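User: Please take me through this model residue by residue where that helps. I will ask as we go.

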Amino acid sequence: MRLLIKLIAGALATALAVWLIPGITLEANSTQEQVFTLVVVAAILGLVNAVVKPLAQTVGFCLIVLTLGLFLLVINALMLMLTSWLSEQIGLGFHVDGFWPALLGSIVITIVTAVVSGLFGVKS
């Protein structure tokens, strides 16, 4: 149940980022395709955050400490860009145009996911 709530929270957060941030796009022909794409993108982002992000944080540990944690925003943006690339490779219509939309999108996704997960009592 916890995994399902986190997946739905990620999909809602991604939908909000697509709606708010001009450089993040979602291309789908129907509402069903949009929902499917959002859920799959949320799953990909979850996998990227579970597998790649800890490695990036380990490699960038000195920069994270030096910038008092602000470098984590850069890592989050890079994870969103990687998710966009992976989504395009499997034929999903999710695209992030560059670093700045990825940075803003990662902030939106992080905040919305935390709020929605918190409302349902799911700890990150």
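User: What lies 2.9 Å from a polar atom of the Thr83 side chain?

Analyst: The backbone oxygen of Met79 lies at that distance from the Thr83 side-chain polar atom. The term here is a polar contact, a pair of N or O atoms within 3.5 Å; within protein, one must be able to donate a hydrogen and the other to accept it, and residues adjacent in sequence count only if both atoms are side-chain atoms. This is a predicted model, in which local features need pLDDT of at least 70 and side-chain atom pairs count only at pLDDT 80 or more, while totals for chains, interfaces and linings use all residues. Residues are numbered from 1 along each chain as its sequence is written, and side-chain values use heavy atoms, with hydrogens and water left out.

User: Is Thr83 buried or exposed?

Analyst: Thr83 is buried, because its relative accessible area is 0%. Buried means under 20% relative accessible area, exposed over 50% and partly exposed in between, with a 1.4 Å probe and protein chains only.

User: Which residues does Thr83 touch, leaving out those up to four places away in sequence?

Analyst: Thr83 touches Val41, Ile44, Leu45 and Val48, where contact means heavy atoms within 4.5 Å. Thr83 itself sits in helix H4; helices (H or I, at least four residues) and strands (E, at least two) are DSSP runs, numbered from the N terminus.

User: Which other residues of H4 are buried?

Analyst: Besides Thr83, the buried residues of H4 are Ile75, Asn76, Ala77, Met79, Leu80, Ser84 and Ser87. The buried residues of H4 pack against strand S1 (24-26), H2, helix H3 (61-66), S2 and H5.

User: How does the span of H4 compare with what its 19 residues should give?

Analyst: The two agree: at 1.5 Å a residue, the 19 residues of H4 should span 27 Å, and the end C-alpha atoms are 27 Å apart. The expected span is 1.5 Å times one less than the number of residues. Just after H4, Gly91 takes a positive phi of about 90°.

User: Which residue other than glycine has a positive phi?

Analyst: Leu68 is one, with phi near 55°. Leu68 is placed in the loop between H3 and H4, and it counts as exposed because its relative accessibility is 80%.

User: Changing topic to the core. How many residues does the largest nonpolar core have?

Analyst: The largest nonpolar core has 25 residues, and those with the most contacts inside it are Ile24, Leu80, Phe94, Val96 and Ile109. Such a core is a set of buried Ala, Val, Leu, Ile, Met, Phe, Trp, Tyr and Cys residues joined through side-chain atoms within 4.5 Å.

User: Now H1. Which residues there are buried?

Analyst: Ile5, Ala9, Gly10, Ala11, Ala13, Thr14, Ala17 and Val18 are buried in H1. They pack against S1, H2, S2 and H5.

User: With which residues is Gly10 in contact?

Analyst: Neighbours within four places aside, Gly10 is in contact with Ala42 and Thr113. Gly10 and Ala43 are 33 residues apart in sequence, with a C-alpha to C-alpha distance of 7.9 Å. Gly10 is buried, as its relative accessible area is 12%.

User: Finally, the whole chain. What pattern does it follow along the sequence?

Analyst: The pattern is α-β-α-α-α-β-α, from five helices and two strands. Of the 124 residues, 37% count as buried. Among contacts between residues at least 6 apart in sequence, 73% join residues at least 24 apart.

User: What radius of gyration does the chain have?

Analyst: The chain has 14 Å, which agrees with the value near 14 Å for a compact globule of 124 residues. The radius is taken over C-alpha atoms, and the globule rule is 2.2 Å times the number of residues to the power 0.38. The C-alpha trace spans about 45 × 35 × 25 Å along its principal axes.
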